[in-house]
Amino acid sequence: MNKIVWFKTGVHEEEATAIREALLQGRVSMGAITEDFEARLAQRLGVPYCLVTPSGSVALFIAIKALGIGAGDEVIVPNRGWVAAAHAVMLAGAKVVLAEVRRDIPNIDVADVRRKISSRTKAVIPLHLNGRSCDMPALLALARERKIAVIEDACQALLSRNADSFIGTQGELGCFSLGMAKLVATGQGGFVVTRDEGLYRQLKLIRNHGVKDNFTDAWYQWGFNFKFTDIQASMGIVQLERAAQRIEHLKAVYTMYDQALAGMKKIAMIPVKNDQGEVPLYIEALTEDRDELIKYFTGLGIQTRPATPDLDPTIYFEGQGSFENSRKFFTQGIYLPGGPEQPLENVQTVISALKSYLL
Ligand SMILES: Cc1ncc(COP(=O)(O)O)c(C=O)c1O
């Protein structure tokens with residue numbers, strides 16, 4: 001049993017009350033509470049349109065479909081992050097083209113995106129890993145120049161900001177996750193935001209089998225059942241109200257680690273611009289001794305995780321070149337215990353254990 005888990009979040013009495021009330025009011029499937037949740041998310045992010053979905057993966061998939069991307073098209077995705085964007089591209093029948101990440105942070109390298117654009121490229125999916133903003137001014141300029149769409153994978157970046165605005169609100173479409181290891185959770189869940197009314201209408205049709213309302217029997221276009229539930233939305237509204245407080249805690253956790261690791265030689269934080277509005281959802285560090293360190297922590301009842309794999313060694317993505325920058329983050333990356341409800345005493349315990357191991 002781990003005494004300290006890698007990501008500590010929480011669901012409380014307020015969520016239980018909200019869910020109970022929704023159930024007792026007969027608000028079970030997708031209805032008024034879902035609409036309220038969507039309106040609150042849109043308002044919080046400063047966008048006109050938001051559509052909730054069963055997961056962040058579905059959010060990415062319907063964003064791709066709303067742009068009409070399919071067989072014969074190519075979409076550029078970063079070689080690091082989480083595989084959902086690439087799998088969503090495949091599910092839409094398009095080809096995944098991998099781009100390398102930067103040397104300093106594991107976010108997409110815009111220069112490599114430029115090299116990977118072909119006449120078939122329809123979109124690029126910048127993935128804002130752990131609240132870190134991709135270089136959006138450069139990427140948006142490139143996308144405009146080459147007439148391709150930008151779908152932001154902001155699944156790890158809810159309420160994270162760059163110099164211009166909230167991450168996920170700058171491309172044609174922005175996709176978010178409401179999974180349990182996220183800032184705001186609904187069990188499973190996700191959402192898409194956009195400023196484009198036409199795309200929003202498409203997203204709505206795709207979410208519900210192409211029907212304009214439930215009482216018409218016409219299918220205007222292809223769609224599926226990607227609807228949400230008011231039960232989940234009622235939980236999401238409570239969690240969203242807690243987001244500001246959670247962000248403060250995540251920043252405090254990050255700062256503790258950042259200060260402690262600054263004095264250590266064999267481990268370094270993968271930086272997040274904590275003081276410039278980026279939200280450090282996770283604590284990611286690099287160490288050459290990664291696998292031994294994980295074993296050491298396991299022995300102490302402290303749960304850590306290796307960084308998620310690169311995409312390019314995967315059998316169905318292989319043969320797309322070499323990705324040296326990615327490899328360093330993959331082989332040396334470790335998640336240290338954090339999360340919006342991780343007690344600061346636990347963080348201190350982890351730091352003390354790190355000191356005894358590394359110093
Ligand atoms: C970067 C990124 N993209 C997409 C997803 C997919 O979201 P979901 O798990 O809600 O489908 C995740 C989930 O962890 C993620 O971290």
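**Figure 1. Parallel pairing of strand 4 and strand 5 in the predicted model.** Strand 4 (residues 121-124) and strand 5 (residues 149-153) pair in the parallel sense over two bridges. Strands (E, at least two residues) and helices (H or I, at least four) are DSSP runs, numbered from the N terminus, and two strands pair if DSSP finds at least two bridges between them. Ala123 has Ala149 of strand 5 as its bridge partner, and Val124 has Val150 of strand 5. The model is a predicted one, in which local features need pLDDT of at least 70 and side-chain atom pairs count only at pLDDT 80 or more, while totals for chains, interfaces and linings use all residues. Residues are numbered from 1 along each chain as its sequence is written.

Figure 2. Strand 2 (residues 74-78) pairs with strand 4 in the parallel sense over three bridges. Val75 has Ala123 of strand 4 as its bridge partner, and Ala123 in turn is bridged to Ala149 in strand 5. The open sheet of seven strands has the order 1-7-6-5-4-2-3, with mixed pairing. Its edge strands, strand 1 (49-53) and strand 3 (95-99), each pair on one side only. Neighbouring strands of this sheet are turned by 25 degrees against each other on average, direction ignored.

Figure 3. Four strands form an open sheet in the order 8-9-11-10, with antiparallel pairing. Strand 8 (268-269) and strand 10 (305-306) are the edge strands, each pairing on one side only. Strand 9 (residues 283-286) and strand 11 (residues 333-336) are paired in the antiparallel sense over four bridges. Within strand 11, Gly333 is the bridge partner of Leu286.

**Figure 4. The shell around the ligand.** The ligand is surrounded by 14 residues, of which the closest are Ser55, Gly56, Ser57, Cys155 and Ser177. By class, the shell has five nonpolar, eight polar and one charged residues; Ala, Val, Leu, Ile, Met, Phe, Trp, Tyr, Cys and Pro count as nonpolar, Asp, Glu, Lys and Arg as charged, and the others, Gly among them, as polar.

**Figure 5. The crossing of helix 3 and helix 7.** The axes of helix 3 and helix 7 (residues 197-207) come within 9 Å and cross at roughly 120 degrees. Axes are lines fitted to C-alpha atoms, for helices over the stretch in contact, and angles run from 0 to 180 degrees between N-to-C directions. The two helices, helix 3 and helix 7, are therefore oblique to each other; angles under 35 degrees count as roughly parallel, over 145 as roughly antiparallel, 65 to 115 as roughly perpendicular and the rest as oblique.

Key:
A residue is near a molecule or strand if its C-beta atom, placed from the backbone, lies within 6 Å of it.
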